[in-house]
Amino acid sequence: MVKQPEDWLDNYPAEEEDEEIIWVSKSEIKRDSEALKKLGMELVELSKNALERIPLDDDLLVAIELAQRIKREGRRRQLQLIGKMLRSRDPEPITIALDKLNNRHNQQIVLFHKLEELRDKLLADADGALTEVVTLYPHVDRQQLRTLVRNAKKEKETNKPPKSYRQIFQYLKELSESA
């Protein structure tokens, strides 16, 4: 018996007929691959300590470390390889970890700005700002802080390098870390 043209349909299950084919444009594929390449660049720009906090497999970690050592044209090709490697992995955990890392950095910058403002208040109004420092950090050494403020004012008046000015910031930073 000779098969009719319609007979070949009998070999396939009916489920496949119900599936909808999703067409992806070439431009969308390119945009996705460029986004992954940018993610790879961000990973290459991170320090080794920061890379340890991001969930990366060994192959990708080796490729990133190699890209950090390479200069010029080889670096571009290595970044393309990292982008290609990221296509076969789920980038979502990596982007989440990277966002957390960036947020932690932003929080640290905000804290430093607050400490700088507090230092400037100490130099402008030592007694009023000192009570604010004591309420924020009860274990502060008042005598040491007063000495640093006095020395910073003298340095400013005599146009000397701001050694005590920097020491006040470092001391406030140590207080905030220990709190």
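1. A salt bridge is counted here when a side-chain nitrogen of Lys or Arg lies within 4 Å of a carboxyl oxygen of Asp or Glu. The structure holds five such salt bridges.

2. The model is predicted: local features need pLDDT of at least 70, side-chain atom pairs count only at pLDDT 80 or more, and totals for chains, interfaces and linings use all residues. Residues are numbered from 1 along each chain as its sequence is written, and side-chain values use heavy atoms, with hydrogens and water left out.

3. The average pLDDT (the predictor's confidence in each residue, from 0 to 100) is 85 for the chain, and 90% of the residues score at least 70. The chain has nine helices and zero strands; helices (H or I, at least four residues) and strands (E, at least two) are DSSP runs, numbered from the N terminus.

4. One of the salt bridges joins Asp57 and Arg89, with the closest N and O atoms 2.8 Å apart. Asp57 lies in the loop between helix H3 (48-52) and helix H4 (58-69), and Arg89 in the loop between helix H5 (73-87) and helix H6 (92-124), so the pair ties together parts that are 32 residues apart in sequence.

5. Lys121 and Glu132 also form a salt bridge (3.6 Å, N to O). Because Lys121 lies in helix H6 and Glu132 in helix H7 (residues 126-136), this pair ties together parts that are 11 residues apart in sequence.
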